[in-house]
Amino acid sequence: MFECKLNDAQLLRKVVECIRELIKEGRFEVSQNGLSLQGIDSSFVALIQLTLRASGFDSFHTDKPMLLGLQLEQFCKVLRCASLNDSITLQAQDPGDKLNITLQSKDDDRISNFVVRLIDIDAETFTIPSKTYNCVVKMPSSEFQRIVRELSGLSDTVGIEISQDGITFSSDSHQSSGKIQLKPSTLEDGQKVQVKAEKPITQFFALRYLLSVAKGCTISDSVVLMIANDIPLVCEYKVENLGNLRFYIAPKIEED
Amino acid sequence: MFECKLNDAQLLRKVVECIRELIKEGRFEVSQNGLSLQGIDSSFVALIQLTLRASGFDSFHTDKPMLLGLQLEQFCKVLRCASLNDSITLQAQDPGDKLNITLQSKDDDRISNFVVRLIDIDAETFTIPSKTYNCVVKMPSSEFQRIVRELSGLSDTVGIEISQDGITFSSDSHQSSGKIQLKPSTLEDGQKVQVKAEKPITQFFALRYLLSVAKGCTISDSVVLMIANDIPLVCEYKVENLGNLRFYIAPKIEED
Amino acid sequence: MFECKLNDAQLLRKVVECIRELIKEGRFEVSQNGLSLQGIDSSFVALIQLTLRASGFDSFHTDKPMLLGLQLEQFCKVLRCASLNDSITLQAQDPGDKLNITLQSKDDDRISNFVVRLIDIDAETFTIPSKTYNCVVKMPSSEFQRIVRELSGLSDTVGIEISQDGITFSSDSHQSSGKIQLKPSTLEDGQKVQVKAEKPITQFFALRYLLSVAKGCTISDSVVLMIANDIPLVCEYKVENLGNLRFYIAPKIEED
């Protein structure tokens with residue numbers, strides 16, 4: 001049997017809502033280490049890697065490794081029933097074909113029980129090679145979302161350039177072009193822009209993936225963007241003390 | 001001639017907006033006792049009974065009983081012109097074919113006059129038998145709306161069970177099922193759940209009617225739900241010191 | 001070369017958004033005096049006159065008069081990238097086919113550069129005769145918008161009457177009619193209604209133009225409405241210390 005409890009049901013809701021932007025079905029892996037998920041969008045451009053450590057949950061127990069396949073929209077509908085301060089308990093038998101979800105208010109006067117049917121999801125797990133990214137930017141996630149939305153009016157491709165001077169988002173179309181540059185800040189506070197850039201790199205991405213990924217701003221105040229030549233962009237959101245949600249976005253062939 | 005005045009025009013707007021969720025034309029009855037309306041939705045599942053006592057108005061006068069038939073969307077358009085703190089005056093001649101509506105700001109620097117054409121509405125008035133409901137719950141109306149909306153994602157039928165343990169809303173579909181239970185609260189304050197249940201009862205209702213009825217949460221902070229075997233559910237909203245708005249919703253044949 | 005800078009980029013955004021309600025392409029005239037625009041909507045009912053004085057800008061320089069033709073939706077997309085407290089710099093060469101737009105945050109850590117292609121716009125400039133309006137009302141622009149929106153549910157023509165008693169907006173349809181009257185206020189504060197009316201005048205206007213014009217409430221807290229017989233209604237919004245935005249709306253032939 002698998003059972004885990006998290007005191008902040010809303011946090012799990014935000015994570016699943018964000019994943020659902022890119023994939024419809026989620027294959028959650030349960031192990032002694034915690035809960036994880038890997039998924040790839042239907043056009044193979046975006047890979048999602050969610051890692052939630054067992055130690056970050058308020059309780060976490062499983063007899064043996066399990067796979068929980070969930071239709072994510074269905075799962076979200078249940079998670080949206082969570083009030084502020086509700087705790088969430090997930091429970092599944094092995095073998096079994098359903099996930100029990102319990103939402104409980106802090107003072108215990110509202111208890112919701114849901115049962116969601118599990119589905120089989122065929123998928124292989126990729127081993128993501130550990131790469132060194134020589135250009136890394138940490139920036140406010142709300143600013144990331146705002147810039148991506150602003151540029152969405154101008155073109156469907158966004159260039160991201162990271163250099164010592166900061167991070168620059170650019171777009172180009174027949175009628176207009178734009179560049180939005182954020183300079184690195186000397187301040188250490190999380191709301192500012194921190195830049196590490198060994199040498200300047202520019203890569204291009206399909207805007208619609210960035211729009212989906214940018215919805216992670218509900219999960220964390222800041223996002224880390226990592227770029228290197230010939231490998232995918234990484235967008236990482238910290239999921240409080242549980243782990244993180246990473247998006248790997250394949251670059252477009254460079255435009256000039 | 002009929003003329004009545006209410007210092008809170010917004011209250012009347014909220015009541016009419018809520019009625020309009022289920023019926024398109026409203027037949028208001030004017031008598032010495034006040035203003036009332038009875039209506040039944042086109043599929044004969046929901047019956048609406050509005051009672052506004054003459055004594056609750058700031059002034060109320062009628063020479064003789066009258067019937068005022070109004071196209072409710074038209075009436076709402078006018079009522080939506082009411083600002084916060086506007087008073088409203090309704091006026092009609094008998095015989096006559098129009099309703100005069102005056103909205104007036106508190107300091108009298110904004111006066112709006114509207115004329116809405118009256119229509120003939122054929123309808124018989126039902127005498128609603130006074131029944132004893134052995135299961136009654138008073139709960140926050142916003143919570144009622146929230147639960148109904150949450151379950152709307154899961155199924156189109158909602159089970160309502162009232163017992164000593166509280167009130168439970170449930171839904172069931174092929175893919176998932178859910179139960180949301182509110183426990184009775186020992187607190188007396190109106191935001192908590194009060195339960196009277198002689199013996200547990202469960203009945204099933206079409207969700208879309210509950211969704212319409214739940215919009216009454218704009219009228220009052222709390223709603224009273226009454227269930228008994230083989231008779232309609234009653235949802236009652238108090239309309240301040242004027243009276244109340246009651247919805248009678250026929251149950252669906254029980255599912256198992 | 002032309003270059004001007006304004007410390008409040010949002011103000012320019014609001015002005016252009018409002019103009020775009022009625023015209024798609026804007027022909028901005030640059031001269032030593034400042035920036036101005038005249039445009040007429042496709043059905044020749046509404047004429048727009050924008051006047052922004054050079055002295056109101058934080059810097060303003062041009063070698064010689066120039067015409068800048070802009071596709072306004074494109075221009076708005078760029079202007080919407082302005083954050084609160086961003087400054088804006090416009091720059092164009094003569095001859096040239098593009099406008100450079102720079103948005104800069106207050107503490108200089110976010111700089112956006114945009115280039116928008118200029119277009120040719122054929123248009124003649126009308127000399128608007130200076131008329132004496134014997135009926136003038138200054139009222140809160142939010143109230144103007146609210147009334148126009150309220151009446152939009154009732155009819156597609158609005159009557160505006162100005163008299164010593166105040167300003168009255170009226171509408172009339174088969175099913176209902178309405179009049180909203182604002183009385184003149186003796187208070188001098190800008191949020192109240194000030195009336196000058198030599199003799200009462202009523203004129204009728206197509207509601208959809210008033211709806212567009214009323215969006216100017218984002219630019220200024222108050223609007224000045226001027227009516228006289230046989231000439232267009234003037235709606236004037238002050239653009240802070242830069243100048244003003246005026247709409248001239250041709251009246252409909254009077255209904256009775």
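In strand β13 of chain B, B:Lys179 is the bridge partner of A:Asn113. Before going on, note that this is a predicted model: local features need pLDDT of at least 70, side-chain atom pairs count only at pLDDT 80 or more, and totals for chains, interfaces and linings use all residues. Residues are numbered from 1 along each chain as its sequence is written, chains are lettered from A and ligands numbered from 1 in the order in which they are written, and side-chain values use heavy atoms, with hydrogens and water left out.

Back to that pair. Strand β9 of chain A (residues 110–117) runs antiparallel to β13(B), and seven bridges join them. Strands here are DSSP runs of E, at least two residues long, and helices are runs of H or I, at least four, both numbered from the N terminus; two strands pair if DSSP finds at least two bridges between them.

Now step back to the whole B–A interface. Here 18 residues of chain B touch 19 of chain A, contact meaning heavy atoms within 4.5 Å. The two chains bury about 1,500 Å² between them, 41% of it on carbon and sulfur atoms; buried area is the accessible area (1.4 Å probe) lost on putting two parts together, summed over both. On chain B's side, B:Arg146, B:Gln175 and B:Lys183 supply 31% of the area that chain B buries, more than any other three residues.

There's charge here too: the count between chains B and A is four salt bridges, each a side-chain nitrogen of Lys or Arg within 4 Å of a carboxyl oxygen of Asp or Glu. One of them joins A:Arg110 to B:Glu143, at 2.4 Å from N to O. Both α3 (141–151) and β13 (176–182) of chain B supply at least two residues to the side touching chain A, and β13(B) gives the most, with seven.

What about chain C? This time β13 of chain A (residues 176–182) pairs with β9(C), antiparallel and over seven bridges, and A:Lys179 stands opposite C:Asn113.

Finally, a rotation of 120° with 0.0 Å of shift along its axis superposes chain B on chain A, with an RMSD of 0.1 Å (least squares on the C-alpha atoms of residues with pLDDT of at least 70 in both). That is how a three-fold axis relates its copies.
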